[in-house]
There are 2 protein chains.
Amino acid sequence: MFDDWRGFKERKLSNDWKRKFSELARVTRGHILKMTTAAGSGHPGGSMSSMDIYLMLYFMARVDPKQPYRDDRDRIIISHGHTSPGVYAALAAAGFFDITPALHGFRQAGSPFEGHVERTIPGVEWDTGNLGQGLSVGIGKAIYSKLSGNNYHTYVVMGDGEQQKGQIAEARRMAVKYSLYNVTAVVDYNRLQISGKIADVMPQDIRAEWLADGWQVLEIDGHDFEQLYDAFHKATHDEQHSYLIMAHTVMGKGVSFMENDESYHGAAVKLNDFDHAMAELGIENDIEVLMQQRKAGPPPRFKNHPPGYPVLDPGRPITYSPEDKLDNRSAWGKALMSVAEINMGRDGFHMAVFDNDLAGSVKTDSFGKKYPGNFFQCGISEHNTAAMAGALSVEKFLSVWADFGVFGIDETYNQARLNDINKTNLKLFCTHSGVNVGEDGKTHHCLDYFGLLNSTFGWKLITPADPNQTDRVVRYVLSTPGNFAVIMGRSKLAVITDEQGQPFFGENYRYHYGRMETIRKGENVALVAAGNMLHVALKAWSKLAAEDMRVTLVCVSDWSDLHIDDIKMLASYPHVVTIEDHNVKTGLGTAIASTMLSTGLSTGFTRLGINKYASSGTPEELYRMLGIDDDTLVSKVKVILGEFLKIGC
Amino acid sequence: MFDDWRGFKERKLSNDWKRKFSELARVTRGHILKMTTAAGSGHPGGSMSSMDIYLMLYFMARVDPKQPYRDDRDRIIISHGHTSPGVYAALAAAGFFDITPALHGFRQAGSPFEGHVERTIPGVEWDTGNLGQGLSVGIGKAIYSKLSGNNYHTYVVMGDGEQQKGQIAEARRMAVKYSLYNVTAVVDYNRLQISGKIADVMPQDIRAEWLADGWQVLEIDGHDFEQLYDAFHKATHDEQHSYLIMAHTVMGKGVSFMENDESYHGAAVKLNDFDHAMAELGIENDIEVLMQQRKAGPPPRFKNHPPGYPVLDPGRPITYSPEDKLDNRSAWGKALMSVAEINMGRDGFHMAVFDNDLAGSVKTDSFGKKYPGNFFQCGISEHNTAAMAGALSVEKFLSVWADFGVFGIDETYNQARLNDINKTNLKLFCTHSGVNVGEDGKTHHCLDYFGLLNSTFGWKLITPADPNQTDRVVRYVLSTPGNFAVIMGRSKLAVITDEQGQPFFGENYRYHYGRMETIRKGENVALVAAGNMLHVALKAWSKLAAEDMRVTLVCVSDWSDLHIDDIKMLASYPHVVTIEDHNVKTGLGTAIASTMLSTGLSTGFTRLGINKYASSGTPEELYRMLGIDDDTLVSKVKVILGEFLKIGC
């Protein structure tokens, strides 16, 4: 049970609560200053302007300090994560944890009380810091509220400077389109940002913009608890509108020399001035004690209780026969439907598929037709989609996003990075990658999917080679926790077969994440290819074999976690040739070569890949122009084999 | 001289022009259909709805088909680049080139007439395709109009679906803040996008949003040339407001079966239906001829006449002495001022510095104070800034952007990629990179600057090692064409000295882009480090030297173009150890190791770098926690040297 007053249940804030809040506001402001001055860095100014909002939310929303991870809690998202001292002070005051370790452990290496709020802290829902992300996260949480039937409310607290981020407009429209009246946004409107007054830095009519996108706007004094309560009460209980609460506040509120001074945005009060600040707040100055405690090292981190990943039945694989000629993206669409049909309606199973105006191309249209309540058409607003779908994926929820590579990866890389930092379980399916995209030309050729996602620490990237492997990969990815990107091309592909003409990835094939597959066994040279390029390599292999040059052909589907045994296997050949529809500098060949050399192995090594932007054209034409076609591969191998012969002589 | 009617000079469109436009509208629509059907792909629907807008602009704006690159021309930016057939048809009609090669060469590999418009075509100002970029580009052009004194007008034509991109809101506000009334935006409001009606895909009150951001809105019939002319006339000549023209149009306009059918957004008319379409337009069906001509291969590309890069005096280097302890970012700020002071005011020299609310931290504040007219405070809207600053940099103009790494690279990677595709000359200075950022924590640690920019083909990345090298690098970068990113940390650093205690990068040092520097010469092991990490490696070197283990220490400042002679030099050591404040998977060590193995060289190789997200903390604490500190480096080298001894036995 939540405390019975929670959920802004009473019509009015009682005088008892007003007195209590007033006292808490004084004490927690002292905590903000202690944390930042003991650490010698941090953001006290905005923490003090947001402080009363935080107190109101953590005391009055339906959250439970003793069960901070219960599924039906209200979600409170802090978008301007640099106000962490205010958040920690409010959470501690509300009983989520003891304040002492926060006071001396703030911003210390290894401490949970980091400079920007993180999910490892009970009560914190999302790691923020890069601005403009919070509302998208809140929209994700609001969707879960509806789909799970928990019907909780989501509150998103934002800065006023960050209203300059375009992503917020995308999120606003998404809320209105899907009638997400269970989300309330609050702007800490202190009218200052790092460089000065927001009116000077970037003039903006925040109220007019939110109204234009269909939200209601309430303007209040953000340091008046009665007004705060009334506004939240109204926003929480109105089931016909989404609200922005513009809370007029004062940066540095509570300490005279800090008020309205933007230099306290990102700087702690100096030790010299600290006594003065504490005296104004009527709080004992124990900064020396805290700085002493700080020397003992960081406080322990919290044991987290994340909701876990949904258990789902991946179903039985579909095997396509060599006669079928299918694009991988259609195989993905079919596998998605198959998994959805098996699991949808099962107790506690929830999923959503997100689209950015490309459902027909990215093959989520059948899903959308069959499960309209689980399909979200987000329009051309990828930044919001990436953050929103990521936020949903940390609930016990299957969150699926399909897009072209340049939008799902290139345009939204930072959202992928922030999702990764948040340990999300997002499933990203990119149906258009490489110059295989063809005629749409260079702005649409995603040549860096691995270079980018390999620059994170958690994302795993898979490029299935044919419709059969795609089917297996999709089932694996949907049923496995973590962030996965499945990268496909748009061309139709033959089923990869063994030398007897049977499907290589057929009935008896078991997909093992992280391992390579030897498609053809030979000698002297190992050709290594992935995804669509395996078909080019197989053509080259056949041409070579027809001339009695029987080399080995290896398929890599999983680029992110190369297995040492596979690297050793490759190094056992006199020469390795990699071929990829990807920037050669940051692709598969580079990963294999650098891993090989760093593990003390070496062999002849040739990397074929893309080294310039391509034009429009058919994939085959572009492969030829870029030197990643079968004939180029054949001639490279012949030169290599020729050199062996010379050495043999 | 421009044609005397240009610049929407006449108060009204004459009847002659109306007749002429009406005829052109018919013929050019035929061209759209021929191009797309001959190619078998493309976007006829939106091309036909934008067609009349394009004709009006290319005939009436102050552009010169015979001198398409003159500096005082109006700039016409096509944001929805997929309407390329309409653009090509209009440009040809206006005399920029002959239509024939476009008709048969559209979307053919190697042809200039690509699927999305590109700058290689005379009259096209910017390669677009990824939506939501055009207004930012237009704002950049509008700034150049003012700073150069050319006082031309900029027109930006956009789709209605792309209004869903948040970046557009950022660009709108920038225009209003800087009173850029010399830019006019047009929305081709055909009310359809790929997935259907925009009102269903993502409901949006476009008019209200633009008004909220301070623009004027004119709504007109986008197929009525008189209304088009009147609107452009008003928008062009009103010097007190920026205008959006909402041109109500019909997708597929001109062919009955295509009108209002969104399936023609991205699909050509089938050959079966082609006759019918031509008959409706009253145009001869010569599609067979075109398809025959297409077989002869792509038409030649145009010879471009880009404006070139400004000639500027890089000034005399400043040398800091070993007593100075300075952060690289301050050295960068001083070098920027030095170059500005020398060149500002010189005939034809123009520059701008862009900031995103971080001028004090990224050290552009002194520039801003001294040159307020050349300093643009863009607020927290990095996507707009990246595209706008890039667009400026292709004029004969020095365009400088300073930001934190996570905003200047991670958040805006796709804008960097699109700039690169546009062959821009953007100078990006990131003052906060790596875990060296420290207490702000993981969301602010940019660990992937090279992994990302190395995934493009043009960006060059430099990490100067100390204030002296920073000074030289800044002068080099500012005076050299191309996209450069200079990556710095925020820590204060000692001046790197030689063994005699003199500045290593001192008076006699000449910076040669692309080459490594041997800081200390030794044997057995080559330590390789860059930027801030060179100081860690130097500490380790000294500790090893104190124990009579004298290894070699190599400084890499330029990561993007490793020189084969340097790779050979490294391979000549029995073991190479790289250390970097960057994701180890996509950083310097990976680039060196993979280049080495691919050029037929090998040696012992150890990569030290970052393999997980770090917490808040001081840089030194974080280096230790991540194993990129001097003591870890010392112990690794000792193990390596020990193994040599064993082998020696």
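These are my notebook entries on a predicted model with chains A and B.

**Entry 1: how the chains relate**

I began by superposing the copies. Chain B can be laid on chain A by a turn of 180° with a shift of 0.0 Å along the axis, and the RMSD is 0.0 Å. That is the relation of a two-fold axis. Next I asked which residue of chain B comes closest to the rotation axis. That residue is B:Gly166, with its C-alpha at 1.9 Å. I then looked at the interface: 100% of the interface residues of chain B are also interface residues in chain A, so the copies meet through the same surface.

**Entry 2: domains of chain A**

I looked up the division of chain A and found domain 1 (15-295), domain 2 (326-493) and domain 3 (517-646). Taken over C-alpha atoms, the centres of domain 1 and domain 3 of chain A are 53 Å apart.

**Entry 3: positive phi values**

A:Phe8 has a phi near 50°. I found A:Phe8 in the segment before helix H1 (15-39) of chain A. Is A:Phe8 buried or exposed? A:Phe8 counts as buried because its relative accessibility is 0%, and the cut-off for buried is under 20%.

The other case is A:Arg107, where phi is near 65°. A:Arg107 lies in the loop between helix H4 (100-105) and helix H5 (134-148) of chain A. Its relative accessible area is 5%, so I noted A:Arg107 as buried too.

**Entry 4: a sheet in chain B**

I traced an open sheet of five strands in chain B and wrote down its order as E16-E18-E17-E19-E20, with mixed pairing. Which strands are at the edges? They are strand E16 (517-520) and strand E20 (604-610) of chain B, each of which pairs on one side only. From one strand to the next, the twist averages 25°.

Inside the sheet I checked one pair. Strand E17 (residues 525-529) and strand E18 (residues 552-555) of chain B run in the parallel sense and pair over four bridges. B:Ala526 stands opposite B:Thr552 in E18 of chain B.

**Entry 5: one residue of strand E19**

I finished with B:Thr578, which is in strand E19 (residues 575-583) of chain B. B:Thr578 counts as buried because its relative accessibility is 0%. Leaving out residues up to four places away in sequence, I listed what B:Thr578 touches: B:Val528, B:Gly589, B:Ile592, B:Phe605, B:Thr606, B:Arg607 and B:Leu608.

How values were computed
Residues are numbered from 1 along each chain as its sequence is written. Chains are lettered from A and ligands numbered from 1 in the order in which they are written. This is a predicted model: local features need pLDDT of at least 70, side-chain atom pairs count only at pLDDT 80 or more; totals for chains, interfaces and linings use all residues. Side-chain values use heavy atoms; hydrogens and water are left out. Helices (H or I, at least four residues) and strands (E, at least two) are DSSP runs, numbered from the N terminus. Buried means under 20% relative accessible area, exposed over 50%, partly exposed in between (1.4 Å probe, protein chains only). Copies are superposed by least squares on the C-alpha atoms of residues with pLDDT of at least 70 in both. Contact means heavy atoms within 4.5 Å. Domain bounds come from an automatic or database domain assignment. Two strands pair if DSSP finds at least two bridges between them. Axes are lines fitted to C-alpha atoms, for helices over the stretch in contact, and angles run from 0 to 180 degrees between N-to-C directions.
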